[in-house]
Amino acid sequence: MKFNFDNPWITRIFALILAVGLFFFVNLENQARFQSNKPTDGASINGSEIITNLPIEVNMDTDQYFVSGIPDSATLRIEGPQAIIFQTVATQNYTITTPNLNELGEGTHSVELQAKGLSDDITASVSPGVVNLTIEEKQTEEHELAVEIDEDLDIAEGYEVLHPSLSTSVVRLSGAASTMNEIDRVIVEVSSDEQEIKSDLLTSAQVLVLDANDNLLNVNADPSQVEINAPVVRTQKEVPIVLREGDGGVAGYNYELKLSNGESESLTIKGDPEAVNDLQNFPVTVNLEGITESTLINVPVGSLPEGIEEVNQDEVEVLIEVTEENQNSTMSE
């Protein structure tokens with residue numbers, strides 16, 4: 001049977017059959033390839049995992065010795081069957097530890113970090129693998145805590161910080177004997193990011209162990225943090241001026257006291273927090289000795305009330321308006 005390829009319909013049908021055949025051929029090839037790559041229940045696939053920021057356990061009598069030079073953390077790389085890798089990561093039953101340092105004694109040593117708690121089917125490597133550390137005799141002391149106020153503490157104007165109270169005034173320090181001899185002071189610092197502070201500061205602060213040059217020392221503190229209560233009290237405020245007639249008024253004259261137009265109606269007082277809080281106004285006594293006509297005078301603020309240590313000005317300008325008593329009676333008639 002001959003096909004007439006000059007006929008366009010014959011050509012189109014043949015092209016369609018060829019396209020369908022190619023589609024099924026490619027599809028079967030892909031299925032065969034995917035099936036050959038698909039693991040079966042009887043296959044073991046290897047894998048690896050990197051675990052970072054693992055704490056390092058120190059295998060040593062910490063009551064007798066103090067060790068320095070150990071990193072904060074280590075990285076563990078494990079390789080092996082994927083199923084065991086998955087279970088290992090999920091259970092986290094492994095540790096990074098030093099060898100028994102008690103056998104080394106005092107001095108500087110290079111030791112190899114070890115990974116423990118892993119399956120025998122897993123290959124492990126620790127980074128860093130080797131660390132240089134120093135073992136020294138341990139010394140323990142108790143020290144009084146001092147409190148320092150951060151110079152950048154933003155206390156609102158008219159307020160101040162009183163001496164703070166601490167959750168404990170004594171801390172137990174431990175470290176290498178050579179380092180303990182360098183301790184100059186043990187402090188906590190009162191600090192805050194708040195602005196315009198007007199209320200008590202309740203905060204937690206790290207215990208700082210410093211040498212004579214204010215360098216931090218490699219010493220453990222127990223407790224390492226202390227709760228601080230720093231009272232913030234008002235030591236300044238504005239109070240209104242109250243004018244009072246003093247002695248010396250001339251008989252037959254009446255006096256009315258007023259602050260001059262340009263004079264502030266209040267004074268700023270500073271002093272003991274309780275006295276500042278209690279004072280509601282500031283009395284200024286005006287001496288009327290020999291005054292028989294209206295006048296402007298500068299009047300000293302006088303002695304300060306008990307507990308008040310400072311005012312913002314020494315005198316105030318007062319207008320004394322004077323009238324004669326007989327003038328008042330004549331005008332009323």
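How many helices and strands are there in the protein chain?

1. The protein chain has five helices and 26 strands, where helices (H or I, at least four residues) and strands (E, at least two) are DSSP runs numbered from the N terminus. This is a predicted model, in which local features need pLDDT of at least 70 and side-chain atom pairs count only at pLDDT 80 or more, while totals for chains, interfaces and linings use all residues. Residues are numbered from 1 along each chain as its sequence is written, and side-chain values use heavy atoms, with hydrogens and water left out.

2. Of the 333 residues of the protein chain, 29% count as buried (buried: under 20% relative accessible area; exposed: over 50%; partly exposed: in between; 1.4 Å probe, protein chains only). The accessible surface comes to about 21500 Å², and carbon and sulfur atoms hold 45% of this area (Shrake-Rupley method, 1.4 Å probe).

3. Among contacts (heavy atoms within 4.5 Å) with a separation of 6 or more, 71% are between residues 24 or more positions apart.

4. Of its 15 lining residues, V58, F66, V67, S68 and N220 are the closest to its centre. Strand β3 (residues 65–68) gives the most to this lining, with four residues. By class, the lining holds seven nonpolar, six polar and two charged residues (Asp, Glu, Lys and Arg count as charged; Ala, Val, Leu, Ile, Met, Phe, Trp, Tyr, Cys and Pro as nonpolar; the others, Gly among them, as polar). A pocket is here an open set of points on a 1 Å grid over the protein atoms alone, where a 1.4 Å probe fits, with protein on both sides within 12 Å along at least five of seven lines; lining residues have an atom within 4 Å of a point.

5. The whole structure contains six salt bridges (a side-chain nitrogen of Lys or Arg within 4 Å of a carboxyl oxygen of Asp or Glu). One of them joins E79 to R77, with the closest N and O atoms 3.4 Å apart; E79 is partly exposed at 38% relative accessibility, as is R77 at 33%.

6. R172 and E142 form a salt bridge at 3.9 Å, N to O. This pair links strand β13 (residues 170–176) with strand β9 (residues 130–144), 30 residues apart. R172 is partly exposed at 45%, whereas E142 is exposed at 58%.

7. E148 and R185 meet in a salt bridge at 2.3 Å, N to O. E148 lies in strand β10 and R185 in strand β14, so the pair ties together parts 37 residues apart in sequence. A network of salt bridges links E148, R185 and D214.
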